[in-house]
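This briefing is meant for a reader who is meeting the structure for the first time. Please look over the sequence and the model before going on to the points below.

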Amino acid sequence: MEIFNLENLSFTYNGSDRNALSGINLTVNSGDFLLLIGESGCGKTTLLKMLKRELTPFGQKSGKIFYKGKKIEDIESRESTSQIGFIMQDPDAQIVTDKVYSELSFGLENLGYESRIIRSKVSEFATYFGLLKSFEQNTFTLSGGQKQLLNLASVMSMNPEVIILDEPTSQLDPISALEFIGTLKRLNDDFGTTVIIAEHHLQEIFPIANTVAYIEDGKLSDIGSPREIGTKLKGKKIERTLPSSVRIFNALGATSKCPITVKEGREFLFDILSEDDHISYIEPKISKKIIECKNIWFRYEKRSADILKGCNLSVNKGEVYALLGENGCGKSTLLKIINASLKPYRGKVIRPKRVVCLPQNPKDIFVKDTVADDLKTIDNSYKELSGLLKIDHLLGLHPYDLSGGELQRAAICKILLTDPEILLLDEPTKGLDNFAKSNLGELLKTLTDSGKTVIIVTHDLEFAALYANRCGLLFDGIITSENFTNPFFSYNSFYTTAVSRMTKGIVKNAVTVEDIIELKRTEYEKNS
């Protein structure tokens with residue numbers, strides 16, 4: 001049975017001179033697990049919002065959207081609310097009550113269910129989603145992963161036919177993201193719930209989708225199974241977002257069955273790598289320290305638990321330092337202490353004067369009606385930098401009309417105009433596709449080559465592996481593990497890259513896709 005049917009759908013935002021969507025024709029059947037992929041700003045978020053009538057953006061629409069055979073404009077509000085669930089990118093944006101049990105019952109109460117039915121459904125879904133231990137907690141005390149699971153449980157308690165998700169794992173640590181994706185697969189398998197999801201982090205979710213739709217410049221460019229799309233996108237920019245096993249398979253020109261999981265990628269590498277294969281690693285030189293955190297202790301309230309417990313951190317001039325760790329472990333708190341927006345009750349921070357921080361929510365730094373007006377408040381010479389960051393076509397738009405990735409790039413542009421000596425970035429790759437990430441990574445290299453220092457808090461292990469000089473893992477209030485990037489990821493089992501997991505015990509020091517490709521290229525050149 002058809003759930004959604006889109007006929008020649010096009011959409012243009014008010015104030016824009018180009019289509020956000022152009023002639024989309026798409027059918028989604030009951031029980032599908034549909035994954036939308038594409039570059040930042042290609043139209044994925046716009047398309048998802050148009051499937052939820054209440055979230056449809058303002059602008060000019062043409063074409064038709066049918067939900068179970070009815071025009072989406074004609075379905076009743078109650079039907080739309082209960083049958084079409086929507087999970088946003090930011091876990092906090094969707095939570096409306098202060099207690100977990102209240103959040104679980106909120107949607108049901110608004111639909112007018114009897115108390116006994118609400119109690120029954122809330123208890124059932126709290127158990128299914130593993131929320132019993134946090135049932136009476138305040139929602140603000142939950143980690144990002146717990147909040148996103150709570151959002152999903154709250155939506156599922158209304159028994160929706162379809163769940164629409166807009167980059168739901170972008171703010172989750174790798175382990176929480178894996179758990180969340182596993183829950184989505186269970187819902188799809190156990191209940192036949194239709195899942196429509198847009199994601200940039202494809203390593204774990206790509207293999208479990210039954211259909212992948214590639215959106216390019218607002219158009220549906222290709223659609224098929226993960227294995228089909230994996231090989232069809234060979235050579236295109238979007239290929240950089242595909243799972244590591246697919247990228248290696250395509251780069252080496254293999255003709256066997258395309259591997260789409262870590263397990264399949266490992267089997268593929270067993271066949272093409274030998275015991276003699278190894279990747280050389282030379283430890284880089286260390287420059288002088290520019291930031292030092294000594295014995296930092298911090299708690300948000302006098303009687304609350306300590307977030308940081310004697311934390312020590314040294315960052316060297318001209319490097320990119322990546323700070324990793326689970327949601328709620330204190331990474332953002334440490335950034336704010338370095339930025340002097342929070343003060344520890346014990347310990348000392350040594351830093352230069354010009355330190356600028358990009359917050360986790362980039363909307364917080366925009367105050368004007370257009371991106372250009374906002375950038376002008378810092379420096380009128382913004383056009384060159386906006387071109388470098390590929391946001392010059394967005395200058396006339398309101399910041400809140402941008403996609404997550406576009407907003408992130410615009411925010412980075414604004415803080416770079418202040419010419420900081422130290423740049424602190426809290427989840428800078430959130431909402432970015434791999435092409436935009438590579439642009440950001442190259443920009444960070446340019447900045448560090450010019451003497452600037454960058455500290456990033458990130459859950460994006462692949463980005464850290466490619467562009468960080470050193471990495472540190474924050475756990476239980478202190479940095480428990482720290483090293484240069486290659487040995488850091490080579491020694492880890494969970495906080496590591498897909499390539500490291502695929503090559504463990506096969507070849508040493510392999511951390512990135514580029515490591516394997518370069519290894520085989522060198523081997524080919526030796527033999528030819």
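The model is a predicted one, and the points below go from the whole chain to single elements and residues.

**The chain as a whole**

- The protein chain holds 18 helices and 19 strands. Its radius of gyration is 24 Å, close to the 24 Å that the globule rule gives for 528 residues, so the chain is as compact as a globular protein of that length.
- Taken along the principal axes, the box filled by the C-alpha atoms of the protein chain is roughly 65 × 65 × 50 Å.
- Of the 528 residues in the protein chain, 55% count as buried, while the chain exposes about 23,500 Å², of which carbon and sulfur atoms supply 48%.
- When contacts in the protein chain between residues at least 6 apart in sequence are considered, 68% of them join residues at least 24 apart.

- Helix α10 spans residues 331-338, and seven of its eight residues are buried, so the helix is largely enclosed by the rest of the structure.
- The buried residues of α10 are K331, S332, T333, L334, L335, I337 and I338; one of these, L334, is also among the residues that C311 touches.
- A340 lies in the loop between α10 and β14, the latter covering residues 346-350, and A340 counts as partly exposed, at 46% relative accessibility.
- Most residues other than glycine have a negative phi. The phi of A340, near 70°, is a positive value in a residue other than glycine.

- An open sheet of four strands runs in the order β2-β1-β4-β5, and its pairing is antiparallel. The edge strands of this sheet are β2 (21-29) and β5 (70-71), each of which pairs on one side only.
- Strand β1, residues 2-13, and strand β4, residues 59-67, pair in the antiparallel sense over eight bridges; for N5, the bridge partner in β4 is F66.
- N8 lies in strand β1 and has a positive phi of about 50°, although it is not a glycine.
- With a relative accessible area of 48%, N8 is partly exposed.

**Cysteines**

- How many disulfides does the model contain? The count comes to zero, where a disulfide would need a pair of cysteine sulfur atoms within 2.5 Å.
- C311 is found in strand β12, which covers residues 308-316. Leaving aside residues up to four places away in sequence, C311 touches C293, K294, N295, I296, L334, L474, G477, I478 and I479.
- The C-alpha atoms of C311 and E39 are separated by 38 Å, and the two residues are 272 residues apart along the chain.
- For C471, the closest cysteine sulfur is that of C329, which at 14 Å is too far for a bond; C471 itself counts as buried, at 0% relative accessibility.

- K99 is found in the loop between β6, residues 84-87, and α3, residues 100-110.
- Is K99 buried or partly exposed? K99 is partly exposed, because its relative accessible area is 22%, and buried would mean under 20%.
- Not counting residues up to four places away in sequence, K99 touches E136, Q137, N138 and T139. With one of these, N138, there is also a polar contact between the two side chains, at 3.0 Å.
- K99 and I118 are 19 residues apart along the chain, and their C-alpha atoms are separated by 15 Å.

Notes:
Residues numbered from 1 in each chain as written. Predicted model: local features only at pLDDT ≥ 70, side-chain atom pairs only at ≥ 80, totals over all residues. Heavy atoms only, no water. Helix = DSSP H or I, 4+ residues; strand = E, 2+ residues; numbered from the N terminus. Buried < 20%, exposed > 50% of the residue type's maximum accessible area, 1.4 Å probe, protein only. Contact = heavy atoms within 4.5 Å. Polar contact = N/O pair within 3.5 Å; in protein donor to acceptor, adjacent residues only side chain to side chain. Rg over C-alpha atoms; globule rule 2.2 N^0.38 Å. Areas by Shrake-Rupley, 256 points an atom, 1.4 Å probe, with all protein chains shown as cover. Pairing = 2+ DSSP bridges.
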